[in-house]
Amino acid sequence: MNSWTVSFVVWGALLLLLAASTATAVLVAGPMAHAFSLACALAMAALIVTWFMGLRTADGLLRVFALAAVFWLALLIALTLADFLTR
Amino acid sequence: MSDAEPAEQFDDLDQQKHANLMGMWLFLATELLLFGGLFASFGVFRIMHPETFGEAASHLSVSLGVANTVILFTSGLTTKLADEAVEAGRRGLGLALLLGTIALGLAFLVIKGFEWHHEYEIGLMPVLGLPFEYPGADPRNARLFFNFYYAMTGLHAAHMLIGLGLLSIIALLLYRWRDPPKIARQVRISGLYWAFVDVIWVFVFTFLYLLRSG
């Protein structure tokens, strides 16, 4: 598959994930629907970062930079929520 | 294209390209932490007031949010294709795709503006001392939700404006086509910024519009 085709496939996958996430949120609601919507958001972000932002073909150092950013964000969110989720 | 020279601090064009990309990714990491603080605090209040935040979210227009998400995904696609077109030396196609991205970005802001105006009209804009006429059970904490809503969508829209300014300058450089390898690098790094704004919107949309109660 050439690069243009892959880009269109990724775009289509993003739209499908968006449709699934939104339909679940509107029709189901509740904690399970929230978890599903958040999982879809992570999948959409991963698709954009790996393909549209080219991380899939980037060299090792760039990947480390990107992962470090996500790691710090995960620390920030996990440590903050650890307090409120365990009260 | 092969006779282009790197800037004097670089050994070759490849090294310069890597340095450009690295700089942009590092900047985006700081941006992620800026938005991350907002998302983390939203998460805390979402956990503290699940019913109120869930109900407040159902006052937002999911259809307009979805329309804007589709627009941004499509602009992500046109940016990626513009990048590849410019890399292949296809100036006209690259320019058309970049202008398409700018048009989509403007459409996003118009829809967002329309949405904000509607919320202003029904009294759901508790900013700058405007009245807040929330019809639900817990207006005090719903006000918090809407404060987050305007802070997050406002900060995102500010990034969209910066991105549109950036892409407009790149479009002008692309139109002039004076130094193709340099333009290809500029399109790549500004495309990274635009895609990042896309990623942020995915989470803004999911957190604010989709975590709703029935």
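This is a predicted model: local features need pLDDT of at least 70, side-chain atom pairs count only at pLDDT 80 or more; totals for chains, interfaces and linings use all residues.
The C-alpha trace of chain B spans about 70 × 30 × 30 Å along its principal axes, and buried residues make up 41% of the 214 residues in the chain. Among the contacts in chain B with a separation of 6 or more, 75% are accounted for by residues 24 or more positions apart.

Turning to the partner chain, 35 residues of chain A are in contact with 37 residues of chain B. On the side of chain A that touches chain B, the elements giving two or more residues are helix 1 (3-27), helix 2 and helix 3 (60-85) of chain A, and helix 3 gives the most, with 13 residues. By class, this side of chain A has 28 nonpolar and seven polar residues, and no charged residues.

One pair of helices shows how the two chains meet. The axes of helix 2 (residues 31-52) of chain A and helix 6 (residues 180-210) of chain B come within 9 Å and cross at roughly 175°; because angles over 145 degrees count as roughly antiparallel, these two helices are roughly antiparallel to each other. Helix 2 of chain A contributes A:Ser37, A:Leu38, A:Ala41, A:Met44, A:Ala45, A:Ile48, A:Val49 and A:Phe52 to the contact, while helix 6 of chain B contributes B:Ala195, B:Asp198, B:Val199, B:Val202, B:Phe203, B:Thr206 and B:Leu210. By class, the contact of helix 2 of chain A with helix 6 of chain B has twelve nonpolar, two polar and one charged residues.

Note on methods:
Residues are numbered from 1 along each chain as its sequence is written. Chains are lettered from A and ligands numbered from 1 in the order in which they are written. Axes are lines fitted to C-alpha atoms, for helices over the stretch in contact, and angles run from 0 to 180 degrees between N-to-C directions. Helices (H or I, at least four residues) and strands (E, at least two) are DSSP runs, numbered from the N terminus. Angles under 35 degrees count as roughly parallel, over 145 as roughly antiparallel, 65 to 115 as roughly perpendicular and the rest as oblique. Two residues are in contact if their C-beta atoms, placed from the backbone, lie within 7 Å. Ala, Val, Leu, Ile, Met, Phe, Trp, Tyr, Cys and Pro count as nonpolar, Asp, Glu, Lys and Arg as charged, and the others, Gly among them, as polar. A residue is buried if 20 or more other C-beta atoms lie within 10 Å of its own, exposed if 12 or fewer, and partly exposed in between; C-beta atoms are placed from the backbone.
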